[in-house]
Amino acid sequence: MTLTAILIVASALFGIGLFGALSQKSFVMLMMGLELMLNGTLLAAVGFWSFTLAGAPEGQLLAILIMAVMAVELAIGFALVVAVYRKRQADVIEALGTMKQ
Amino acid sequence: MTDIAFYTLSALAIWSGWRVFRVDSMIRATFALMVSFISVAGIALLMSADYIGVATVFMMAVEMMVMALFMVMFMMNPAGLNPMQMVHQYRFSIGAGIVAFIGLSVAVLATNLPHNPLPAGRDTMRDLGIELLGASMLIFETAGVTLLATMLGAVALSSRNGRFGNSEEGALPPGLHPGGTPAGRKVEKGGGHGGHGGHGGHGGHGGHGDHGMKESDKAGDKGDTDAGHMHHHAPAPDEDHQHTPKKEH
């Protein structure tokens, strides 16, 4: 278990998440892509903390902040899904064409 | 031993992360995402980040339950009974994902990473607690206040009734005739989809029109755009679309 291996796994998770976030049509699947990207970020942060910081606790603090970002993203994302669905009966991204204006 | 566990967990994390976007059932996708998160939590435990790992497991268990609930509530085809592909700009997305992976990997391999590992036997959880309520307390409290603001925002966004009356007031355009369906509703959904919602009314038929929309989504993107054009130019096919969902119920 080396830092390089961990970072490569993290970048694989990030790449898969980016693919999902760009390709999925439904809002919830898009948010799953974002979560997967944050998953990779979390892994990279913990890896850096464990292998390069000699145990300085700020690295763990960064990981906790990433987890807070995940929670915020999920809560606001679901609230927006509910709001959009209620207003427009929309559950896919293409249904929001008029938002471009 | 640690290496075997690490490689197993990494393979599990990547494989289940990949399965998230390949399975038909959205519930299965949710659980695949949870497996991916728990694998990452296991890797964190291997790196002796005890608190992070266990907290991730707890958080993800709850979060994925919420996500599964939302899947059932909002998404079409939650059980994956018939195969479907809910993707757009597919090739571009694959390209972007691969480019991100290769770019990050090359960056990792090309960098001369410092090596200064965790001293053995260090009490990491105690360190974290001292840090959270000591030097970094401001950051920690800021995160807490941000979460509070998130809760308020989520409630404000998703509540039906605002403080000053119905939150939908003003969000919908007025009807073409008094008491009629809102104008602009058909343009909103584009093409054949609009026919259901607009003509079906908002009472009993709203739900049916919605199912019709999902069915026609499954039929494929090509037919979708064609139907859109026909709908805008000629009113006659609209009647056809309107009757389609009624057959299904």
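What share of the contacts in chain B with a separation of 6 or more comes from residues 24 or more positions apart? In this predicted model, such residues account for 51% of those contacts.

**Figure 1. Chain B and its order of elements.** Chain B contains 11 helices and 2 strands. Read from the N terminus, its elements follow the order α-α-α-α-α-α-β-β-α-α-α-α-α. Chain B has 249 residues, and 27% of them are buried.

**Figure 2. Confidence in the two chains.** The model as a whole scores ipTM 0.91 and pTM 0.73. Chain A has an average pLDDT of 87, and 95% of its residues score at least 70. Among the elements of chain A, the mean pLDDT is highest in H1(A), at 94, and lowest in H3(A), at 88. For chain B the mean pLDDT is 73, with 61% of the residues at 70 or more. Within chain B, H1(B) has the highest confidence, a mean of 94, whereas helix H8 (residues 192–200) has the lowest, a mean of 38. The pLDDT is below 50 over residues 187–249 of chain B.

**Figure 3. The contact between chain A and chain B.** Chain A contributes 65 residues to the contact and chain B contributes 81 residues. On the side of chain A that touches chain B, the elements giving two or more residues are helix H1 (3–23), helix H2 (27–52) and helix H3 (58–88) of chain A. H3(A) gives the most to this side, with 21 residues. Sorted by class, the side of chain A that touches chain B consists of 43 nonpolar, 16 polar and 6 charged residues.

**Figure 4. The largest nonpolar core.** This core has 64 residues. The members that touch the most other members are Leu13(A), Val28(A), Leu43(A), Val46(A), Ala63(A) and Leu33(B). At least two residues of the core come from each of H1, H2 and H3 of chain A, and likewise from each of helix H1 (2–20), helix H2 (26–46), helix H3 (50–74) and helix H4 (90–110) of chain B. H2(A) gives the most to the core, with 15 residues. Once its neighbours within four places in sequence are left aside, Val46(A) is in contact with Ala63(A) in chain A and with Ala44(B), Met47(B), Ala49(B) and Ile52(B) in chain B.

Figure 5. H1(B) has 19 residues, which at 1.5 Å a residue should span 27 Å. The end C-alpha atoms of H1(B) are 27 Å apart, in agreement with that value. The buried residues of H1(B) are Leu9(B), Ser10(B), Ala13(B), Ser16(B), Gly17(B) and Val20(B). Seen down the axis of H1(B), these buried residues fall within an arc of 145°, and therefore they line one face of the helix. They pack against H1 and H2 of chain A and against H2 of chain B. The face of H1(B) turned away from the buried side carries the exposed residues Asp3(B), Ile4(B) and Ala11(B).

Figure 6. Ser16(B) belongs to helix H1 of chain B. Is Ser16(B) buried or exposed? Ser16(B) is buried because 21 other C-beta atoms lie within 10 Å, and a residue counts as buried at 20 or more. Apart from its neighbours within four places in sequence, Ser16(B) is in contact with Ala32(B), Val35(B), Ser36(B) and Ser39(B). Ser16(B) and Ala29(B) are separated by 13 residues in sequence and by 8.6 Å in space, C-alpha to C-alpha.

**Figure 7. Two loop residues with positive phi.** Most residues other than glycine have a negative phi. Ala54(A), which is not a glycine, has a positive phi near 55°. Ala54(A) is placed in the loop between H2 and H3 of chain A. Ala54(A) counts as partly exposed because it has 14 C-beta neighbours inside 10 Å. In chain B, Ser48(B) has a positive phi of about 55° although it is not a glycine. Ser48(B) lies in the loop between H2 and H3 of chain B. With 19 other C-beta atoms within 10 Å, Ser48(B) is partly exposed.

Terms used: Residues numbered from 1 in each chain as written. Chains lettered and ligands numbered in written order. Predicted model: local features only at pLDDT ≥ 70, side-chain atom pairs only at ≥ 80, totals over all residues. Contact = placed C-beta atoms within 7 Å. Helix = DSSP H or I, 4+ residues; strand = E, 2+ residues; numbered from the N terminus. Nonpolar A, V, L, I, M, F, W, Y, C, P; charged D, E, K, R; others polar. Core = buried A, V, L, I, M, F, W, Y, C linked by C-beta atoms within 7 Å. Buried ≥ 20, exposed ≤ 12 C-beta atoms within 10 Å, placed from the backbone. pLDDT = per-residue confidence, 0-100. Expected span 1.5 Å × (residues − 1). Arc of directions from axis to C-beta.
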